[in-house]
Amino acid sequence: KTFYGFLGAELSSVSCKAMKNFLNCLKMPAFAVVILLGSLSFLSASNNPLPLPIKPFIVLSGSMRPAILEGSVVFVARGFNNIKNGDIITYISPRNARENITHRVIGEEQIGIYKTKGDANNAADLWTVKKEAIWGKVMVTIPFLGYALAFSKTRLGVILVVILPLILIAFDELRIIYQELKKLREKKCGA
């Protein structure tokens, strides 16, 4: 072998090891992202049958700026007890039962009937909100996570965020299994 051939083989071996280490380092974060987005996607679905005490919602508009930015995910503690002025609540839209609105309570018209307003809106909402339509109070807001969550619900998002990472993880695991089987076979043949 020439010096250059030896150097090339050495570099090839180093780059192969580096690639394996790189893939191993990416596996856990990729798996965590898949689990996180998959779980949030399931939990934020409007037809989710699980009566969990906290439910995530994606904020689609800027009506609650600056408190809540569009593209945020809000985690809502379910229930409509102890709602008072200043609380931010998520409720079923009176105009479309398939939409949810996250606005601030600005008053109680009657017992269990609330007036709401988006912080960025000039006027109060034109409707009142009955306690039966309220999902609950906003407890936590995570800015921009809603964009990733909404994208992960599209066909392309499912492919790129869920299926592709799972395929890569599966192929890497199969590679590891193959290498271990190869080592066992070589051990048996060598013994």
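1. Helix 3 (residues 155-190) has 36 residues and should span 52 Å at 1.5 Å a residue; its end C-alpha atoms are 50 Å apart, which agrees. The expected span is 1.5 Å times one less than the number of residues. Helices (H or I, at least four residues) and strands (E, at least two) are DSSP runs, numbered from the N terminus.

2. The model is predicted: local features need pLDDT of at least 70, side-chain atom pairs count only at pLDDT 80 or more, and totals for chains, interfaces and linings use all residues. Residues are numbered from 1 along each chain as its sequence is written, and side-chain values use heavy atoms, with hydrogens and water left out.

3. Helix 3 has a kink of about 35° at Ile-163, shortly before the proline Pro-165. The bend at a residue is the angle between axes fitted to the seven residues ending there and the seven starting there. Pro-165 is buried in this helix, as are Gly-157, Val-161, Ile-169 and Asp-172. Buried means under 20% relative accessible area, exposed over 50%, and partly exposed in between (1.4 Å probe, protein chains only).

4. The largest nonpolar core has 9 residues: Ile-83, Ile-89, Tyr-91, Ile-101, Val-105, Tyr-114, Trp-127, Val-129 and Ile-134. At least two residues of this core come from each of strand 3 (88-92) and strand 4 (100-110). Such a core is a set of buried Ala, Val, Leu, Ile, Met, Phe, Trp, Tyr and Cys residues joined through side-chain atoms within 4.5 Å. Another core, of 8 residues, lies apart from it and includes Phe-57, Met-64, Ile-68 and Val-74.

5. Phe-57 also has the charged end of Lys-55 over its ring, 5.3 Å from the centre. The charged end of Lys-55 sits over the ring of Trp-135 as well, 5.4 Å from its centre. The criterion is NZ of Lys or CZ of Arg within 6 Å of the ring centre and within 35 degrees of the ring normal.

6. There are 2 aromatic pairs in the structure. In one of them, Phe-144 and Tyr-147 have ring centres 6.4 Å apart and planes at 20°, so the pair is stacked. Rings of Phe, Tyr and Trp (its six-membered ring) pair if their centres lie within 6.5 Å; planes under 30 degrees apart count as stacked, over 60 as edge-to-face and the rest as tilted. Tyr-147 is partly exposed, at 48% relative accessible area.

7. Two loop residues deserve a look at the backbone. Phe-144, in the loop between strand 7 (134-142) and helix 2 (145-152), has a positive phi of about 70° although it is not a glycine. Pro-66, in the loop between strand 1 (54-58) and strand 2 (73-78), is joined to Arg-65 by a cis peptide bond, with omega about 0°.
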